Each structure stands twice: as structure tokens, then as C-alpha cells.
Amino acid sequence: MSTPVPILMYHAVGHRPAKAAYRLSVSPEAFAEQLELLDERGFTPLTTAQLGAAWRGGGVLPPRPVLITFDDGYEGVHRHALPALAKHGFASTLFVSTGWLRGPYDTGGALDTMLDWDQVRELAAAGTEIGGHSHTHPQMDQLPDDELLFEARRCREIITEELGDRPVSFAYPYGYSSRRVRRTVRETGFAQSLAVGNALARRRQGPYALERVTVQRSTGIEEFQRLVEGRSIARNFAGDRALTKGYAMVRRARAAGRKVSRIRV
């Protein structure tokens, strides 16, 4: 049996994030305190690529593995998170929505101040794995096939062009995926992908449906410790899971309705 691994999902790190990003943000002080706890408790942070390679090849994980991941590409990851990570020598993974980052590919729609590509390159040079998070951050399971392929492929092309390395890890925007979405991400060239789920990641979930645990503004240090140790996760996120299941049914119905409409046309 493989060891379950906590994969922590962060978004913005900042003192005064925009209202739309606030709930899923953490303060720089809270983030630093959480890293101190991981260090004191003997956790070993890995990148998503390292975990995927170990589980694909049957490798041995280090003691108390944990993944620190960031979604979207908020500027505070460079300003606040990078120095804290460097202090402890911790690895991390940043999943960027390429159309949200400041620069030539910006399509608008970002919720707060985002990274620019020079900052992304500095994060990569410091050891942060850069992964894909689509181009425009849509609900990918709601897209027709051509748009779905574009979102995954364009994201991978831009990251490759800007960094000189092909990204191998992906995270689904909003955590939403389906068999069709996972197949497209795999066929685009990503080796593993992360959902949300609010549960520990296990090898049996498969490389394209690894679950993560949400860290947000309301996560206190005692709750954080329980999350990384795999205690009380189901109870902490019971309400979120109920809402997620209900919304999943709505999304499937919407997708089926759009498919029928396209066939009729």
C-alpha cells in the first residue's frame, strides 16, 4: 500500500487580497507559520512531478511527504511565498493560468494582481515546478472538445515558450474534470494532474485525479496541523463536499443539455 500524501492547495498569499480572492487566500504570516510547522514536524515537501514520477515508477517517498501547490499565479506567491519557501529549502509547484498572467498573453479576467513572466522565471529558477492551469481558467468539463483542447494545449505551449521546458503537471481550474477532460490533458502531454476533493492523495486515484486539501483564510494553525496529518479532513470539509456533489450534478446536466443543443443545430 502506498503512503497517502497531503497535497496542499493555496491560491493568493497577501495582506489585502481582492475581495474575489479573499476566501481562498492566506496571509503571509499564516503561510510562514504553516511552513514552520511542516519543518518542525519533519515533513518533506516534493514537487508534483516528483510525486508523479515516484508513484509511476514505484519509487520510495521520503519521510512524511507533502506537496505545497499554488493555483492561478497570484503575484503574492513571488512577493511573500517564495522567501518563506527559500528559508526552509522547500519545494513547491505553481500552476499558472497563462491568460491571467501579466504580459503578452493576458486575456483579462484575473481576480487580483498576477505574476508577470519574469517573476515566473525567478520562481522556476528557485526550484518551483511550473505547471499548467489552462489558458483562461474555465470550467473545463463544460467546454466543447475544440475549446477544451485549446485550453490545455495553448497553456502548455506558452509555458514551454516562456520557460524553455515543457510542463508535466496540470491542475484543473475549480477542481472540475471528467473522463473527457482527463483524457485531453493526458493527450496534450501532461503526465499527472490534480483535482481538489479535500482528501489525501493516494496512488490508486490515478495520475490524473489526485486529490488536494484546500488551505484558506479561515484555516487556523491547529486545523492546518490536522489537515497535513490526515485527521478530521472529512468532517472539516463535509459542507463543501455536499455542495460539490450537488453542483456536479448541475454541471453534468448543463453539459448534456449543450450537447443535445449542438446535435439539433
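Is Val-26 buried or exposed? I began with this residue in what is a predicted model. Its relative accessibility is 2%, so I count Val-26 as buried, the cut-off being under 20%.

**Entry 1, Val-26.** I placed Val-26 in the loop between helix H1 (19-22) and H2. I then listed its contacts, leaving aside neighbours within four places in sequence. Val-26 touches Tyr-10, Ala-12, Val-13, Gly-14 and Phe-31, and also Val-215, Gln-216 and Arg-217. I also looked up a pair: Val-26 and Arg-16 are separated by 10 residues in sequence, and their C-alpha atoms are 9.7 Å apart.

I went on to Phe-31, one of the contacts of Val-26.

I looked up how helix H2 (residues 28-40) packs on helix H4 (residues 76-88). The angle is about 20 degrees and the axes are 10 Å apart. Angles under 35 degrees count as roughly parallel, so I describe H2 and H4 in that way. Their crossing is right-handed. On the H2 side, I find Pro-28, Phe-31, Leu-35, Glu-36 and Asp-39 in the contact. H4 contributes His-80, Ala-81, Ala-84, Leu-85, Lys-87 and His-88. Sorted by class, the contact has six nonpolar, two polar and three charged residues.

Which residues of the largest nonpolar core touch the most other members? I noted Tyr-10, Phe-31, Leu-38, Ile-68 and Phe-70, in a core of 38 residues. The elements giving two or more residues to this core include the strands E1 (7-10), E3 (65-72) and E4 (93-96). The helices that do so are H2, H4, H5 (117-125), H6 (145-163) and H8 (221-228). H4 gives the most, with five residues. Apart from this core I found another, of 13 residues, among them Val-5, Phe-95, Ala-171 and Ala-201.

Last, I took the totals. I have 10 helices and eight strands for the chain. Of its 265 residues, 49% count as buried. Among contacts with a separation of 6 or more, 65% are between residues 24 or more positions apart.

Definitions and conventions
Residues are numbered from 1 along each chain as its sequence is written. This is a predicted model: local features need pLDDT of at least 70, side-chain atom pairs count only at pLDDT 80 or more; totals for chains, interfaces and linings use all residues. Side-chain values use heavy atoms; hydrogens and water are left out. Axes are lines fitted to C-alpha atoms, for helices over the stretch in contact, and angles run from 0 to 180 degrees between N-to-C directions. Helices (H or I, at least four residues) and strands (E, at least two) are DSSP runs, numbered from the N terminus. Angles under 35 degrees count as roughly parallel, over 145 as roughly antiparallel, 65 to 115 as roughly perpendicular and the rest as oblique. A crossing is left-handed if the near helix is turned anticlockwise from the far one by less than a right angle, and right-handed if clockwise. Contact means heavy atoms within 4.5 Å. Ala, Val, Leu, Ile, Met, Phe, Trp, Tyr, Cys and Pro count as nonpolar, Asp, Glu, Lys and Arg as charged, and the others, Gly among them, as polar. A nonpolar core is a set of buried Ala, Val, Leu, Ile, Met, Phe, Trp, Tyr and Cys residues joined through side-chain atoms within 4.5 Å. Buried means under 20% relative accessible area, exposed over 50%, partly exposed in between (1.4 Å probe, protein chains only).
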